[in-house]
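Here's a quick briefing to read with the model open in your viewer.

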Amino acid sequence: MPSHGGFKYSPNVTPNDAARSSLPSSPPRPIDKLKMSGKALGDLNVHPAAGFDKSTALGKGSLTKSYIENINDNGPELQKKSSSPFSAPINIGDAGSNGLETGNTEVEYIESENLADLPDVDASFNTLLARLDSKDWVSVCEALNNVRQLSIYYRERLLEIIGAVIPLIVKSLRSPRSAVCKTAIMASADIFKAYNDMVIDSFDPLLVQLLLKSSQDKRFVCEAAEAALIAMTTWISPMLLLPKLLPHLTNRNPRIRAKASMCFSRSVPRLGMEGIRAYGIDKLIQIAASQLSDQLPESREAARTLAMQLQTIYVNSQVSPNEDSLELVDADSWEAFCHAKLTPLSAQAILRVTSTPKEALREQQI
């Protein structure tokens, strides 16, 4: 076969191929190492983090309210799935406790009405406290959901250890992991609904954390905490709740003051006429007046709402049902009452927000 320049030609080999084959192989370049490292990390992230039991049934049917959280070092970003009403897993990429572990773990935020019964009640109950105090955050989330299931389906049994469960829920509320914190908030709401006034003795630390979480910047945590506070004002007796809220109305944190004011305003109407008289309408109007000058608009709006509610209740209480004409005695009028119970400036502020448009115009002209 002919040859040129020292190379012997063959049907499938060119001179350039032959030249390259005679050269020594070069070591991998830095860019190749980077590609290899990236591929290795990608392979690691395919596998879910260990410790999560997918076999535990939480959802009833498939209708749940689902979220996707992407948690990284920069903080959580919430994306709500609105394209389908069916449940979907929540994939959380989160760093481990040592800051090095990575992976995708499925966690679901399931509404209370969609929580299914526990498949093994005894096993869940007997290990509940240990799992709530675990260092494995996925195990803690699972245990918190078990608390919710027990409060719905096995209320009396959970009541036996509720005094030990609530401090561990408070611990989870302090967790820097958003998934743990939000699940603990949802567990708090279910406990309020299940046990009402029975949790009042261990209630204070729980209230503090819920007020804090409802006033922070993470929107999806804040919304869950506000829903839990609404459940609290709905299911706990206002006569017991108002004294618990009172110290937080003067908290140094203005956001906590605002959330406490809103809870206070929601609770007062549930007292009813007799309850307000027993608590003291004069005390309540003084509280409303003090909140009218708060720096946050939420506090001021809650104070306005409370003042108008108190005015309605006071006026109705002064009407004599035995009289044909529903006339109020001048000495017992709302204006006289405010001036009698408040400082001049506070009375003027209350009367300004509770006056009718005609009365407000007359005050401006004066």
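In this predicted model, the largest cavity is lined by Leu 249, Ser 261, Phe 264, Ser 265, Ile 287, Ala 288, Gln 291, Ser 299, Ala 302, Ala 303 and Leu 306. Helix H12 (254-267), helix H14 (281-291) and helix H15 (297-318) are the elements that each give two or more residues to that lining. There's about 60 Å³ of space in there.

**The cavity**

- If you search the whole structure for cavities of 30 Å³ or more, you get one.
- Which helix gives the most to the lining of the largest cavity? That's H15, with four residues.
- Sorted by class, the lining has seven nonpolar residues and four polar ones, and no charged residues.

**H15 against H17**

- H15 also packs on helix H17 (residues 344-354): their axes come within 9 Å and cross at roughly 80°.
- An angle from 65 to 115 degrees counts as roughly perpendicular, so that is how H15 sits relative to H17.
- On the H15 side, the contact uses Arg 304, Ala 307, Met 308 and Gln 311, and they meet Ile 350, Val 353 and Thr 354 in H17.
- This contact splits into four nonpolar, two polar and one charged residue.

**H8 with H5**

- How do helix H5 (residues 137-153) and helix H8 (residues 178-195) cross? Their axes come within 9 Å, at an angle of roughly 15°.
- Angles under 35 degrees count as roughly parallel, so H5 gets that label relative to H8.
- The crossing of H5 and H8 is left-handed.
- From H5, the residues in the contact are Trp 137, Val 140, Cys 141, Leu 144, Asn 145, Val 147, Arg 148 and Ser 151.
- Their partners in H8 are Ala 179, Val 180, Thr 183, Ala 184, Met 186, Ala 187, Asp 190, Ile 191, Ala 194 and Tyr 195.
- By class, the H5 contact with H8 comes out as 13 nonpolar, three polar and two charged residues.

**H8 with H10**

- H8 has another partner in helix H10 (residues 219-235), where the axes come within 8 Å and cross at roughly 15°.
- H8 and H10 are therefore roughly parallel to each other, and their crossing is left-handed.
- H8 brings Ser 178, Cys 181, Lys 182, Ile 185, Ala 189, Phe 192 and Lys 193 to this contact.
- Facing them in H10 are Phe 220, Val 221, Ala 224, Ala 225, Ala 228, Ala 231, Met 232 and Trp 235.
- The class count for H8 with H10 is twelve nonpolar, one polar and two charged residues.

Methods
Residues are numbered from 1 along each chain as its sequence is written. This is a predicted model: local features need pLDDT of at least 70, side-chain atom pairs count only at pLDDT 80 or more; totals for chains, interfaces and linings use all residues. Side-chain values use heavy atoms; hydrogens and water are left out. Axes are lines fitted to C-alpha atoms, for helices over the stretch in contact, and angles run from 0 to 180 degrees between N-to-C directions. Angles under 35 degrees count as roughly parallel, over 145 as roughly antiparallel, 65 to 115 as roughly perpendicular and the rest as oblique. A crossing is left-handed if the near helix is turned anticlockwise from the far one by less than a right angle, and right-handed if clockwise. Contact means heavy atoms within 4.5 Å. Ala, Val, Leu, Ile, Met, Phe, Trp, Tyr, Cys and Pro count as nonpolar, Asp, Glu, Lys and Arg as charged, and the others, Gly among them, as polar. On a 1 Å grid over the protein atoms alone, a cavity is a set of points where a 1.4 Å probe fits but cannot get out, and a pocket is an open set with protein on both sides within 12 Å along at least five of seven lines; lining residues have an atom within 4 Å of a point. Grid points are joined across faces, edges and corners, and a volume is the space filled by probe spheres set on the points.
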